[in-house]
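Visitor: I am new here and would like a guided tour. Could you show me what we are looking at?

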Amino acid sequence: MDLTIYDETDGQVSPAQLALVRDVLQFAARQLSLKDSTEMSVTIMTNPAIRKLNQQYRGVDRATDVLSFAAEESGDETPIIMDPELAAELPENLGDLFVSIDKVEEQAKFLGHSVDRELGFLVVHGFLHLNGYDHEKPADEQRMFDLQREILDEYGLQR
């Protein structure tokens with residue numbers, strides 16, 4: 001997967017944590033059998049920055065732990081007919097994740113597990129949202145949370 005990671009925390013995130021984000025998302029992409037050309041980005045930020053995004057896009061004036069913005073098709077475009085082999089090689093952009101490192105640290109302390117476990121949990125949770133999973137209905141929640149737990153456990157980030 002073509003993954004771009006931005007650190008907007010002025011050094012609050014360690015190189016090891018950035019590597020963890022990359023590695024756990026690459027692992028999750030393999031678990032879902034995504035094409036190597038699949039694209040997405042992750043921006044790690046602070047509470048004030050994510051609060052602004054949360055207010056702007058969701059109308060909620062508080063910091064949150066993770067925001068997922070799926071790449072959207074407008075539907076207004078005329079379909080382009082192309083060779084199926086060529087179409088298979090085009091990258092799919094999943095979208096963008098935004099994670100508050102402040103919330104990661106707060107929640108890890110509150111839940112009594114490592115910051116790495118919480119960081120991995122949040123990026124996998126957002127990643128699954130970008131791949132169409134949600135937890136609006138009990139059956140969907142069970143499916144998403146089971147997959148999330150499976151990915152994290154197999155990667156080595158058990159609770």
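**A walk around the sheet**

Guide: Gladly! This is a predicted model.

Visitor: What is the order of the strands in the open sheet, and which are the edge strands?

Guide: The open sheet has four strands, with mixed pairing, in the order β1-β2-β4-β3. An edge strand pairs on one side only, and that describes β1 (2-7) and β3 (66-70). From one strand to the next, the twist averages 15°. The order is β1-β2-β4-β3, and the edge strands are β1 and β3.

Visitor: Which strands does helix α4 touch as it packs on the sheet?

Guide: Let me start with another helix: α2 (residues 47-58) lies across β2, β3 and β4, running at about 45° to β3. Helix α4 packs on the sheet too, and its direction makes about 60° with that of β4. The strands touched by α4 are β2 and β4.

Visitor: Is Val104 buried or exposed?

Guide: Val104 is found in helix α4, residues 101-111. Its relative accessibility is 0%, and buried means under 20%. Val104 therefore counts as buried.

Visitor: Which residues does Val104 touch, leaving aside those up to four places away in sequence?

Guide: A contact here means heavy atoms within 4.5 Å. The C-alpha atoms of Val104 and Asn47, 57 residues apart along the chain, are separated by 10.0 Å. With residues up to four places away set aside, Val104 touches Val99, Val115, Glu118, Leu119 and Leu122.

Visitor: How many helices and strands are there in the protein chain?

Guide: Follow the chain from the N terminus, and the elements run β-α-β-α-β-α-β-α-α-α. That makes six helices and four strands.

Visitor: What percentage of the residues in the protein chain is buried?

Guide: The accessible surface of the chain comes to about 9,400 Å², of which 48% belongs to carbon and sulfur atoms. Among contacts between residues at least 6 apart in sequence, 72% join residues at least 24 apart. Of the 159 residues in the chain, the buried ones make up 39%.

Notes
Residues are numbered from 1 along each chain as its sequence is written. This is a predicted model: local features need pLDDT of at least 70, side-chain atom pairs count only at pLDDT 80 or more; totals for chains, interfaces and linings use all residues. Side-chain values use heavy atoms; hydrogens and water are left out. Helices (H or I, at least four residues) and strands (E, at least two) are DSSP runs, numbered from the N terminus. Buried means under 20% relative accessible area, exposed over 50%, partly exposed in between (1.4 Å probe, protein chains only). Accessible areas come from the Shrake-Rupley method with a 1.4 Å probe; for residues, only the protein chains shown count as cover. Two strands pair if DSSP finds at least two bridges between them. Axes are lines fitted to C-alpha atoms, for helices over the stretch in contact, and angles run from 0 to 180 degrees between N-to-C directions.
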